[in-house]
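Dear colleague,

I am handing over the structure that we discussed, and my notes on it follow below. Please read them with the coordinates open beside you.

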2 protein chains.
Amino acid sequence: MTVDDLRRAPLLAGLTDEQLDALAAIAQPVLLPGAATIFRQGDPAEAFYLLAEGSVKVFKAFRDGRTATIRHVRTGETFGESVLFNDSYPAGAQTMEESRLYRLRSDDFRRLMLAEPELGLRIIAAMAHLLVMLNQRVEELLLPVPARLARFLLDLCSEQGSSTQCHLAIAKQELAARLGTVPETLSRTLNRFVRGGLIAVDGNTFEVLNRPALERLAQQ
Amino acid sequence: MTVDDLRRAPLLAGLTDEQLDALAAIAQPVLLPGAATIFRQGDPAEAFYLLAEGSVKVFKAFRDGRTATIRHVRTGETFGESVLFNDSYPAGAQTMEESRLYRLRSDDFRRLMLAEPELGLRIIAAMAHLLVMLNQRVEELLLPVPARLARFLLDLCSEQGSSTQCHLAIAKQELAARLGTVPETLSRTLNRFVRGGLIAVDGNTFEVLNRPALERLAQQ
DNA sequence: CGGCTCCTTGAGGTTAATCAATCCTGGTGG
DNA sequence: CCACCAGGATTGATTAACCTCAAGGAGCCG
C-alpha cells in the first residue's frame, strides 16, 4: 500500500498521516524488470524516485564509457532527489533486479512543498546532506586507485564490526565499478597489496595485515 | 559599516533590517594581508565568511601538492558555508590580496536560524544550490584537460556577452590552477586548439573559430 | 567433458605530470 | 636608448598511472 511504503522512507519519517496522504496522491507506482534504465545522466530532470522493493544502483558515466557506481540504493530510500535543484540528472540510475518504485514528479512535489513548508524544510536539509555525501564520493575519484581500494577495505571491515577481516558480498567486477575502475586494475592492485604484505586474500574474504600502511595509503 | 556590508551579500539579499541587525551582532570583522590562509581543507569547521573587500580563492588540495581553484570569491559573496552541514571544510581558502571579511561562527548562525526560520529556509536553499555547483566543479575535474579548457573558454565568452571573443583577466598559471592542471599542460593544450583551428590566441585574448568543435570537446 | 562466467596476467597505448632548458616581455638602471 | 634581469610562458624529454585489447586460467553447471 502506498502510504505504508512512503512511511518507510527515512527522508519522510516523522511526517503526519495527512502529509503522507498528500504525498501518496502524487506518487506514481512503477514496476521495472532487472537491468532497466530509470534515467540517464544528463536527462532532463522530471521526477525523483522512492525504492519500495528491489535494488537500484546510481552511477556516473565517464567520457570513455566507464562507469563508477556512486551508491547502491536500499529499500525505503529515495534517489534522484537533486532534481529539485537541478534541471538535469547529475547521474544515471538502473535497476539491478526486478523492482517496485514510486515516481514523484518534481513539479508536483514542489507544489506540495509550498503548501507544506515543514515538508520542504525537512527535504531540503536532508538533500543538502545527501549532496555533501555525493560530493565526497565524487572527490574520492580524484584519488589514485590504491587509495580508493584501501578506503573501501577499511570501511568494509569497520562496517562488518571487525578491524581486520571483511567479506565482499558482490562480484569483483561490481567492486571495480564501485571504485570507478576496471577489473584488470582492481586485480593488479589487490595483488600489489598482497605482495606488499598489506592484506591477505582468500576468495572474497580479506584480512588486513598492516592497518597503518593501509590507512596511510587511504589518505592520499 | 557592518550592516551595509551584509546587505550586499546575495545570500542575504531581501532580509529585513531586523534580521540584518541580528546577523551583524554575530559577525566578527577580520582583516587579512594577501596570500593568507583562512582555513585549510579538512580543518574542523567552525565558521563561514563573507568577503567585504579584496579577493579570495577557494581550492581543493591534491595528494601530490597540486591544487585546483574551485572558485574566485567576489566582493559580497560568502564562502565556506558548507560548515552548516559538514563538520570539516571540504576545501581550503586563501586571500589573494589584502582583504576585509566577516567571520560568522556556525553555532551562532545555527542559533539564529532557529529563531528566524525564514532566514534558515533561505540559507538552506541557497546552500543546496551552492553544493550542486560545487559538485559540478569537482566533477569537471574528471573530464580530460581539453574538455575543461573548452568549457572554460565557452563560459568565459558567454560571460563577456560575446559568442566568439573573450579576454582572460588572470595570469595563465592562475588559469591552469583554475582548471586543475599545470601551466605546461595548459600551454600545450592551447597550442593544440590553435593548430586544430579551434581558436586564435592573441596574448590574453581568445577568439573562437570553430564553436561546434569546441562544444563537442567540452562534452567529454 | 564442453561451455560459461569470472578473474587474472601480459603487452601496448594514452593522458598528463615532472624536470629541465629556453624564450619572451616588461621594467629598471646605466 | 639600450643592456640586463626576473617572472611568466613555452617546449622537449621523461615518467607514472591506468586504460585497452588479447590471451590464458579456475571454478561451476549441465
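In this predicted model, α5(B) is mostly covered, in that 11 of its 15 residues are buried (buried means under 20% relative accessible area, exposed over 50% and partly exposed in between, with a 1.4 Å probe and protein chains only; helices are DSSP runs of H or I of at least four residues, numbered from the N terminus). Those buried residues include V145(B), R148(B), F152(B) and C157(B). From its first C-alpha to its last, α5(B) reaches 21 Å, close to the 21 Å expected at 1.5 Å a residue, the expected span being 1.5 Å times one less than the number of residues. The helix is followed by G161(B), whose phi is positive, near 80°.

V145(B) also belongs to the surroundings of DNA strand C, where 17 residues are found and where K172(A), N191(A), T181(B) and T185(B) are likewise among the closest (a residue counts as near if one of its heavy atoms lies within 4 Å). Of the atoms of DNA strand C that come within 4 Å of the protein, sugar and phosphate account for 65%. The surface near DNA strand C receives two or more residues from each of α6 and α7 of chain A and α5 and α7 of chain B, and α7(A) gives the most, with 4 residues.

As for the cysteines, the structure holds 0 disulfides over all chains, a disulfide being a pair of cysteine sulfur atoms within 2.5 Å.

On confidence, the mean pLDDT (the predictor's confidence in each residue, from 0 to 100) of chain A is 88, and 98% of its residues reach 70 or more. Confidence in chain A is lowest in helix α4 (residues 117–140), at a mean of 77, and highest in helix α7 (residues 183–195), at 97.

Residues are numbered from 1 along each chain as its sequence is written, and chains are lettered from A and ligands numbered from 1 in the order in which they are written. Local features need pLDDT of at least 70 and side-chain atom pairs count only at pLDDT 80 or more, while totals for chains, interfaces and linings use all residues, and side-chain values use heavy atoms, with hydrogens and water left out.

With best wishes
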